[in-house]
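Hi,

Here is the structure I promised to pass on. Have a look at it first, and then read on for what turned up.

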Amino acid sequence: MIGASLGAAAYERAPEISRILAGVGPVEDTRRARLSAKADAILTLNGIGISFGGVTALSDVDLEVKSGEIRAVIGPNGAGKSSLINIISGLYHADHGTITIDGQPFARVPANHLARLGVARTFQNLALFGGLSVRDNIASGRVHTRHASFVEHIAGLPRARREDAMIAEKTDQIVAFLHLESVADRLVATLPYGLQKRVELARALVAEPKLLLLDEPMAGMTATEKAEMAGFVRAARDRHGVTIILIEHDIGVVMGLSDRVAVLDYGRKIADGTPAQVRADPAVIQAYLGTAEGEDSEGI
Amino acid sequence: MAVQALDTARLPVDWAKLVQKLALPTALFVVAYGVVPAYASGYLVEAILLPFLALSLAAVGLNLLTGYCGQLSLGSSAFMAVGAFGAYNFNLRVEGLPLAVTMILAGISAAGFGVVFGLPSLRLRGFYLAVSTLAAQFFVQWALTKFGWFSNDNPSGVVSAPHLAVAGLSLDSATGRYLLSVTTVILITVLVSRLVNSATGRNFIAVRDNETAARVIGVPVLKTKLLAFALSSFIIGVAGVLWAFTYLRTVEPAGFNLDRSFQILFIIIIGGLASIRGAFLGAAFIVVFPLFLSRLGAFVFGGLFDSGVLDMSQRIVLGALIIIFLIAEPNGLSALFDRLKRRIGSRSS
Ligand SMILES: Nc1ncnc2c1ncn2[C@@H]1O[C@H](COP(=O)(O)OP(=O)(O)O)[C@@H](O)[C@H]1O
Ligand SMILES: [Mg+2]
C-alpha cells in the first residue's frame, strides 16, 4: 500500500515548501521562502502538549499550515489526531504551547468564537442536529452571522427577515455544490450515514471559513462515497480557496489529495513533508508496520 | 399572455392551500369564541376547560425548555407559584394596575426566577439538572409559607383571587374567566409557534441535539439556555396566574407542589416532546383521564370505588402509560395523531 497513488501536483503547487523541506536551493531563496511561508501561514502550532490523566495524547507538536493548502494529518488510532483538531477548535485546552490562527496567538482557543475566527470543522463521529432538516442543519453553520434577537424573530422584523434571506441564499448554494437538493427538506436523522457526513461538510462550508478542519470525513464510507467526498474536499479548496486540515486513514486518499502530510505516532510528530517524502520516511514505515501487525489497521 | 395563463393556472392551487391552512385555526377560533361561550355548561368550563387551558399553557412553556431546548426541569410548579403570587401581589399593592399588565409583570417575575434557577444548566445536564431545579421547587414553597407578606399576612396562607376585569368589563363569571384564559393561551401559543420556527427556535434544537457542535458553529449556548429558561418560566408563570385566578380562584402555596411539576412533565411526555400540539393533547388527556377513570370505576365497582381507590388507580394507570409512551411512542400522542391522520388520508384518497 506504500506505493498508493501520489499527489504529484503537490510538488508543482508548492515548490518553495518542498525545497525548504528537502533542504535544497540557495540560502537566500530559502530564507525568503521561509519568510513568505510564515506570512502565509494561516495556522501555526508551537510545542503543543496535552495529557489526560496519565495518558499523554500529544507532546511538543509543531505544525504549520499554509493558506490554501490541504494539510493531511495521519497516524495510527490513538495517535492524537482528534486531540489536535480539538485543541485547534478550542474544545480541548492544551497544557503547553500556543496556537496562532491567522496571526492571532492563543494559549486556549475560544470555542464559542471559533466561527468568527474563520474556522469551521466536522467531527469524527457525526455531530448533526437530528431534529432539524438537512437545510436547517446547513443553515445553522452561519448562525454566527446573525444579530437579530428573539423578539425580532417572533415579530418577523426586517433585520431578522434579511438575515434569513441571506442565509437561505448561501445555504442553497452549498446544497447545490454538494448535490444535496433531493434530500434538502428531509430530517437529517433519516439520511444514510454517507449523506449525513456530507451534510456535516456542508454545514462547515456554508460558514465560508478560512480554515476547515475535517476529522475523518470519509471514515466508514464505501469506495464510491469516498471518491465523491474527496472530490468535494478538493473542489472546496479549489473553488472557495479554503485551507484544509484533513485527518484520514485511507492513505490512498491522503496521498492523492494533500499538499503536505504530518504523521503523528503516540502523540509525537514523527514526520512532516510532501506525500512522497513522508511515504519514503523510515520512521513512518516503522510506525505503520508496527501497528499494522498489531491491529490490522487500514492504510499502509 | 403566457404569464397571465400561468398565474391563473396557479391561483386555484394557492387558494386551496390557503383554505386548507386556515381551516383548522378558523374552526378552533369559532369553537373557542362562539360555541363554547354559548353552549358549554358551567361544569364543562369550571371542571374541564379552565384546568385544561392553564395546564396546556404550562406544558407549552415546559416544552419550550425541555422539548425544544433539551433542559430537563422539575421546577414548573415553582414558576407557576411565582407567577400566581406575583400577580396577586402586584394586583394588591399597585392601585388600578390593568389585568394584562399584572399578568405580564407576574410572568417577568417568574422569568427572573427561571433564569436564576437555570444557571446550573450551564454546568449540569439531564438528571443532575432536573435535581437542581428541584431546589426551585422547595425554595419557593418554603419562602411562600415562611413569609406571610406574600399572602398579605393572611393567617391560613390561602387568599382569594382578586376580581377580574378588563377595561371595566367584569370577567368573574365562568364564561368571563374562560374568555380571559383562552385568549391568553391563544396569544402566547401563537407567539411560541412563531418562535420555535425561527432561528432562535432552531438554536434551542441545536443545543438540545448536540451542544458541542452548536458551540463550535457559533450558537451562543449559554445565552440560548438562559433564554429558554426565561421564556419558559414566563409562560409557566402566566399559566400559574390562570391556574390560581381563573380555575382555583384561590392563591395558596400548597396548590403548587412537586406533584404539579411532575404532572406538567407527564403532559409533555404523553403529548409529545417538542410539539406545541402535544402540549394540548397531553393536557386534555391528563384532565379528562381522572374523570373518565372515576366514571368507569363507579360503573364497574359501584361504591367500592371511593376517592382513595380512584387516586391510587389513577397513579398506577398513569405511571404505566408513561412507561409505555416512553418505550413505544417517545413522540407522544402528537405522533400517534399524525399517524392516524396519514392513515385516514391514504384511505380517503
Ligand atoms: N477527552 C479525553 N479524555 C481522556 N482521554 C482522551 C480524551 N481524548 C483523547 N484521549 C486519549 O488521547 C489519546 C489520543 O486520542 P485521539 O486524539 O482521539 O487519537 P486519534 O484521533 O489519533 O485516534 C488516546 O489515548 C485517547 O484515549
Ligand atoms: Mg480520532
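B:Arg177 is buried, at a relative accessible area of 6% (buried means under 20% relative accessible area, exposed over 50%, partly exposed in between, with a 1.4 Å probe and protein chains only). Its salt-bridge partner is B:Glu46, with the closest N and O atoms 2.8 Å apart; a salt bridge here is a side-chain nitrogen of Lys or Arg within 4 Å of a carboxyl oxygen of Asp or Glu. The two sit in distant parts of the chain, 131 residues apart: B:Glu46 in helix H2 (residues 42-68) of chain B and B:Arg177 in helix H6 (residues 174-196) of chain B. For helices and strands, I used DSSP runs numbered from the N terminus (helices are H or I with at least four residues, strands are E with at least two). B:Glu46 itself is partly exposed, with a relative accessible area of 29%.

Before I go on, the ground rules. This is a predicted model, so local features need pLDDT of at least 70 and side-chain atom pairs count only at pLDDT 80 or more, while totals for chains, interfaces and linings use all residues. Residues are numbered from 1 along each chain as its sequence is written, chains are lettered from A and ligands numbered from 1 in the order in which they are written, and side-chain values use heavy atoms, with hydrogens and water left out.

On to the other salt bridges. Over all chains the count comes to 27. One of them pairs A:Asp272 with A:Arg71, at 2.9 Å between the closest N and O atoms. That pair also ties together distant parts of its chain, with A:Asp272 in strand S10 (residues 268-273) of chain A and A:Arg71 in strand S3 (residues 70-74) of chain A, 201 residues apart. A:Arg71 is buried at 1% relative accessible area, whereas A:Asp272 is partly exposed at 25%.

Another one joins A:Glu228 and A:Arg198, with 3.2 Å between the closest N and O atoms. Here helix H9 (residues 223-240) of chain A, which holds A:Glu228, is linked to helix H8 (residues 193-205) of chain A, which holds A:Arg198; the two residues are 30 apart. A:Glu228 counts as partly exposed at 38% relative accessibility, and A:Arg198 is buried at 10% relative accessible area.

Next, the place where the chains meet. Chain A puts 28 residues into the contact and chain B puts in 23, where contact means heavy atoms within 4.5 Å. Together they bury about 2,000 Å², 69% of it on carbon and sulfur atoms; buried area is the accessible area (1.4 Å probe) that two parts lose on being put together, summed over both. A:Phe129, A:Phe150 and A:Ile154 supply 30% of what chain A buries against chain B, more than any other three residues.

What about charges across that boundary, and how many salt bridges are there between chain A and chain B? The count is one, and it is formed by the side chains of A:Asp136 and B:Arg202, at 3.9 Å from N to O. There are also four residue pairs in polar contact between the chains, both residues at pLDDT 80 or more.

Some overall figures for chain A: it has 12 helices and 10 strands, and 55% of its 300 residues count as buried. Of its contacts with a separation of 6 or more, 68% are between residues 24 or more positions apart.

Leaving aside residues up to four places away in sequence, A:Asp40 touches A:Val65, A:Lys66 and A:Ser67. A:Asp40 and A:Glu69 are 29 residues apart in sequence and 10 Å apart in space, C-alpha to C-alpha.

Over to you!

Key: A polar contact is a pair of N or O atoms within 3.5 Å; within protein, one must be able to donate a hydrogen and the other to accept it, and residues adjacent in sequence count only if both atoms are side-chain atoms.
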